[in-house]
Amino acid sequence: MFQIELESVSFSYDDSKVLLKDINMSVSRRDFVLITGDNGTGKSTLLKIIAGILKPKSGYVKIDGNSIYEDKNYFRKIGFVMQYAEDSFFCDTVFDEIAFASKNFGFVDIQKRVMNAIKLTGIDEELLYKSPFELSSGEARRVAIASAIAHEPFFLILDEPFVGLDKRGKECLTSILKKWKDTQRAVIIVSHQRKYLTNLANKIFKLEAGKLLNADSL
Ligand SMILES: Nc1ncnc2c1ncn2[C@@H]1O[C@H](COP(=O)(O)OP(=O)(O)OP(=O)(O)O)[C@@H](O)[C@H]1O
Ligand SMILES: [Mg+2]
């Protein structure tokens with residue numbers, strides 16, 4: 001089945017200001033969901049709630065009808081590329097960075113998973129034993145994505161992955177996303193780059209004043 005659902009999700013960091021109000025959203029296995037919205041409207045917060053990092057103050061986040069907090073395997077089912085994910089690199093080599101989640105989940109076919117991830121993201125095999133801190137910004141972004149997909153999640157969540165990339169980097173990222181979509185797995189992406197994403201996205205939302213508005217026609 002593979003469906004993530006947000007039901008009446010509300011969130012605030014402090015009780016004086018409600019950031020997200022009664023958000024409802026459903027993401028199925030083949031969906032490509034684009035979320036836009038002005039700075040500070042809570043887009044990253046919403047993704048962290050979907051990724052299970054933050055809990056809503058009220059409402060439910062479900063996978064296949066059950067609370068994500070009761071699904072021990074939820075974190076295997078999602079891959080999360082945080083805003084400026086490459087700032088959080090911490091391994092000595094690109095290989096270890098990409099392999100980290102898969103090792104953590106106890107998978108044994110690590111080499112195969114890393115090779116599949118670099119193939120999809122177009123990372124040169126020669127980079128695998130370089131330090132992740134010596135990469136160009138385009139390479140680093142690809143490594144961040146490879147790190148989020150090597151454990152073969154069903155839902156790929158990306159927070160502003162186009163930021164800081166030049167035109168070539170943006171085109172390269174678009175083709176990675178297209179390849180991922182072709183594997184019949186879902187994307188939830190926060191971005192302002194509609195130009196690159198309109199052809200891929202089948203659901204477009206805008207976060208505005210705490211509400212998630214359907215923006216398909218914008
Ligand atoms: N850990 C936190 N504690 C308190 N307030 C926070 C925290 N993280 C974010 N905020 C506040 O919540 C609001 C929404 O932040 P969030 O990062 O989710 O917005 P955003 O839409 O992703 O913004 P941007 O477009 O700048 O990435 C902002 O006012 C931010 O300052
Ligand atoms: Mg953000």
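Close-up 1. Strands here are DSSP runs of E with at least two residues, helices are runs of H or I with at least four residues, and both are numbered from the N terminus; two strands count as paired if DSSP finds at least two bridges between them. Two residues lie between β4 and β5 in this hairpin, and Asp64 in the turn has a positive phi of about 50 degrees. Strand β4 (residues 58-63) also pairs with strand β1 (residues 3-11), in the antiparallel sense and over five bridges, with Ser58 in β4 as the bridge partner of Ser10. This is a predicted model, in which local features need pLDDT of at least 70 and side-chain atom pairs count only at pLDDT 80 or more, whereas totals for chains, interfaces and linings use all residues. Residues are numbered from 1 along each chain as its sequence is written, chains are lettered from A and ligands numbered from 1 in the order in which they are written, and side-chain values use heavy atoms, with hydrogens and water left out.

Close-up 2. The strands follow the order β6-β7-β8-β3-β9-β10, with mixed pairing. At the edges stand β6 and β10 (211-214), each with a single partner strand, so one side of each is left without a neighbour in the sheet. On average, and with direction ignored, neighbouring strands of this sheet are turned by 20 degrees against each other, where axes are lines fitted to C-alpha atoms, for helices over the stretch in contact, and angles run from 0 to 180 degrees between N-to-C directions. Helix α5 (residues 137-149) packs on the sheet and touches β6 and β7 (155-159) (contact means heavy atoms within 4.5 Å), its direction making about 160 degrees with that of β6. Helix α6 (residues 167-182) lies across β3, β7 and β8 (186-190), and runs at about 150 degrees to β8.

Close-up 3. Strands β3 and β9 run parallel and are joined by five bridges, with Val33 opposite Lys203 in β9. The side chain of Lys203 meets that of Asp31 in a salt bridge (2.9 Å, N to O), a term that requires a side-chain nitrogen of Lys or Arg within 4 Å of a carboxyl oxygen of Asp or Glu. This pair links distant parts of the chain, 172 residues apart, with Lys203 in strand β9 (residues 203-208) and Asp31 in the loop between β2 (20-28) and β3 (32-37). Lys203 is partly exposed at a relative accessible area of 22%, whereas Asp31 counts as buried at 9%; buried means under 20% relative accessible area, exposed over 50%, and partly exposed in between (1.4 Å probe, protein chains only).

**Close-up 4. The magnesium ion (ligand 2).** Ser44 (OG) and Gln83 (OE1) coordinate the magnesium ion at 2.0 to 2.5 Å; donors are N, O and S atoms within 2.8 Å of the metal (3.2 Å for Na, K and Ca), and sites may look incomplete, since water is not among the atoms. Ser44 lies in helix α1 (residues 43-50) and Gln83 in the loop between β6 (78-81) and α3 (94-104), so the pair ties together parts that are 39 residues apart in sequence.
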